[in-house]
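Okay, thanks for coming, everyone. I'll take a few minutes on one model and its side-chain contacts, so let me put it on the screen.

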Amino acid sequence: MDTFDVDIAIIGSGFSGLGMAIRLRQEGIEDFTVLERGDDVGGTWHFNTYPGCACDVPSHLYSFSFAPNPGWSDTYSRQPEIRDYLQRVADEYGVRPYVRLNCNVTGVEWEAGGWTVATSHGPLRARVVVAGMGPLAEPKTPALEGLDTFEGETFHSARWNHDYDLKGKRVAVVGTGASAIQFVPEIQKDVEQLYVLQRTPPWIMPHPSRPIRRFEARLYERFPWLQKLVRGAAYSARELLVLGFVKHPRLMKLPERIARRHMRHQISDPALLEKVSPDYTIGCKRILPSNKWYRALSKPNVELLTGGVEKVTAHSIVTGEGTEREVDAIIFGTGFMVTDMPVGKMVRGVDGKTLDEAWRGSMKAHLGTTVPGFPNLFVLLGPNTGLGHSSMVYMIESQVAYVMDALRYMARHGADTVQVRAEVAARSNADLDERMASTVWNTGCASWYVDDTGRNATLWPDWTWRFRQRTASFDPADFELTQRARGAAEPVPA
């Protein structure tokens with residue numbers, strides 16, 4: 001019988017890792033650890049500190065269902081509040097003592113019936129690994145010609161350099177995605193000149209954000225059911241978007257009209273209006289909310305350059321259309337490694353293959369959680385669990401409940417290992433791909449939802465309540481379960 005340093009190792013302490021840790025403690029399970037590479041908990045909300053960083057999902061919905069926060073200051077919270085919320089939850093639910101901070105995981109390998117986790121603190125043996133790093137963990141910076149020769153300052157929005165003073169500088173921003181539309185209006189006020197390099201214009205909707213009044217917060221604190229009602233209303237309203245995204249893409253004509261009106265209302269320059277007008281179906285790429293983006297682009301010290309980036313020189317940046325601008329700094333708002341998550345190269349299964357090698361260019365998992373050939377590995381926010389309309393916390397809680405049910409089953413039946421059957425995973429992913437074919441995400445645009453094979457490996461193509469329904473209980477018939485304690489590996493009766 002193997003001796004493990006810990007029964008369950010959780011990687012990451014964002015919503016996924018903390019949610020898993022809290023549920024384990026509530027279940028009376030204490031033999032676990034949370035491995036966090038940062039110097040505090042919070043995951044993406046700890047690392048992303050760029051100006052204007054905020055969530056585009058309503059505050060009351062973007063929080064744990066079991067830990068409501070009546071004190072949100074705005075209907076759409078900013079990064080510091082979400083970070084503080086996660087730190088407070090870690091303290092209130094007593095999981096902080098289980099977290100190993102500044103502990104970077106460099107490899108996870110299946111050996112002798114368990115996982116060996118290589119960390120900056122030394123190796124660790126665990127029976128079960130829960131990978132809770134999430135898709136928005138590792139910044140993606142394009143490999144631009146000449147970038148290594150640039151003599152100015154460069155950094156990614158997810159690793160903002162607060163020591164670099166942007167005041168009076170000529171700054172190029174590469175990318176026009178969710179992060180850029182938040183930080184560009186903030187830094188525009190300080191820089192001498194701002195060049196925004198756009199490859200594809202995003203669809204921008206009016207932002208309904210507003211401050212939450214004190215009397216509202218007092219009501220939520222005194223009557224928790226009222227906040228639950230607001231949360232339910234926000235969830236239901238967001239879920240209606242599935243009709244346009246997944247069921248009937250032609251319904252996206254209505255939000256497109258709203259977005260175009262918003263665009264025309266904020267931009268008067270015909271040339272700029274043409275540059276920011278998308279030529280693809282709204283929803284095919286992520287829809288972004290902002291009341292500041294178009295106004296920032298219209299400022300005298302801002303120039304929107306199209307055609308992407310061709311190359312970088314020692315003191316300038318050159319667009320794909322040949323336009324060159326001298327700059328002092330380059331900021332990348334180019335997103336994250338979503339369809340090529342680092343966990344793919346980090347984890348090796350029973351046959352020595354990495355997840356990347358098993359996936360062969362396109363991430364796949366049964367219910368976004370388990371992968372054939374990788375026993376006792378549970379991935380939170382894995383393939384095809386992403387959303388374009390609602391709260392990822394809802395998906396995380398669904399997956400955590402599924403993992404907890406699997407652990408209960410293993411404990412009841414004395415199972416040492418569980419591994420999803422290859423045919424089960426293949427069948428569930430074939431079903432996903434079939435449903436994905438008629439969605440708005442497959443209408444022809446290039447987006448970070450789609451991997452290099454052309455497959456949408458990111459989003460869940462259905463109602464979120466249906467995902468919760470499918471993850472409500474662990475089905476042992478979908479898995480190979482073994483008891484090594486009996487000697488040779490034997491099936492565990494369902």
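Predicted model: local features only at pLDDT ≥ 70, side-chain atom pairs only at ≥ 80, totals over all residues.

Residues are numbered from 1 along each chain as its sequence is written, and side-chain values use heavy atoms, with hydrogens and water left out.

Cysteines, then. If you call a disulfide any pair of cysteine sulfur atoms within 2.5 Å, you get one. That's C284 with C445, sulfurs 2.1 Å apart. The torsion about their S-S bond is about -100°, so this disulfide is left-handed. C284 sits in the loop between α9 (270–276) and β11 (288–289), and C445 in the loop between α14 (422–436) and α15 (464–470), so the bond ties together parts 161 residues apart in sequence. Helices here are DSSP runs of H or I, at least four residues, and strands are runs of E, at least two, numbered from the N terminus.

Are those two cysteines buried or exposed? For the cut-offs, buried is under 20% relative accessible area, exposed is over 50%, and partly exposed is in between, with a 1.4 Å probe and protein chains only. C284 comes out buried at 0%, and C445 is buried too, at 16%. What about C55? Its sulfur is 9.0 Å from the closest cysteine sulfur, in C53, so that's too far for a bond.

On to the rings. Phe, Tyr and Trp rings (six-membered ring for Trp) pair if their centres lie within 6.5 Å; planes under 30 degrees apart are stacked, over 60 edge-to-face, the rest tilted. The whole structure has 22 aromatic pairs. Take F15 and Y62: centres 5.1 Å apart, planes at 75°, so edge-to-face. Both are buried. W463 and W465, on the other hand, are stacked, at 6.4 Å and 20°. W463 is buried at 16%, while W465 is partly exposed at 36%.

There's a cluster as well, linked by ring pairs, with F15, W45 and Y62 among its members.
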